[in-house]
Amino acid sequence: MGPADAHRVWGAPTETIAMTVEIDATDQLEKGDPVAAAAGIVPQLAALEMLLYPSTALVIANSAMLLAGTIEILPPEGPLTVLVWGPGRAVPVRLESLTITEQAFDVALFPIRASVELSVQVLSYNDLPATDPGHALFLVHQVLKESMASVAGVTGAVPALTSLAGA
């Protein structure tokens with residue numbers, strides 16, 4: 001990239017979202033939830049962990065085909081994962097890292113409270129083919145972001161214009 005390309009935008013930037021999620025079974029236990037009583041928050045933690053793994057059935061099938069010499073070795077495709085954190089805020093993502101800190105346990109040592117640190121990479125139109133639903137989802141996300149940036153520009157301009165008019 002030379003000086004003539006300094007202002008060119010070559011596509012969506014790489015975005016990473018990091019967050020800490022607190023998972024607690026207190027409310028479910030107070031309501032008498034049988035799953036929480038039997039396994040604490042293990043199902044919720046397992047659901048997050050499975051975002052990092054291909055299914056066991058796929059691994060076994062691929063291993064069998066590999067032993068038979070009928071498969072090309074490619075990483076298996078995972079499902080489309082969407083991070084939704086509020087109205088108008090949904091993006092396709094790939095889970096990059098997951099750290100679970102179990103903090104409290106029931107008498108059978110099932111965790112009932114945990115802190116989960118996770119980091120995801122937002123998948124953009126640079127990462128996904130146009131036929132993938134995540135491609136369209138990212139474009140919707142970008143349109144909403146552009147709209148919110150315009151709102152910020154207008155709301156920032158109003159006080160500036162008001163102060164100029166009063167000066």
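This is a predicted model: local features need pLDDT of at least 70, side-chain atom pairs count only at pLDDT 80 or more; totals for chains, interfaces and linings use all residues.
1. Ground rules. Local features need pLDDT of at least 70, side-chain atom pairs count only at pLDDT 80 or more, and totals for chains, interfaces and linings use all residues. Residues are numbered from 1 along each chain as its sequence is written, and side-chain values use heavy atoms, leaving out hydrogens and water.

2. Salt bridge count. Side chains of opposite charge can pair when their charged atoms come close. A salt bridge here is a side-chain nitrogen of Lys or Arg within 4 Å of a carboxyl oxygen of Asp or Glu. The count is two.

3. Lys145 and Glu15. Their side chains form a salt bridge, at 3.3 Å from N to O. Lys145 lies in helix H5 (residues 133–166) and Glu15 in strand S1 (residues 15–24), so the pair ties together parts 130 residues apart in sequence. Helices (H or I, at least four residues) and strands (E, at least two) are DSSP runs, numbered from the N terminus.

4. Exposure of that pair. Lys145 is partly exposed, at 41% relative accessible area. Glu15 is partly exposed too, at 22%. Partly exposed sits between buried (under 20%) and exposed (over 50%), using a 1.4 Å probe and protein chains only.

5. Glu96 and Arg94. This salt bridge has its closest N and O atoms 3.1 Å apart. Glu96 is partly exposed, at 43%. Arg94 is partly exposed, at 41%.

6. Where is Met50 found? Met50 is in the loop between helix H3 (42–49) and helix H4 (56–68). Met50 is partly exposed, with a relative accessible area of 44%.
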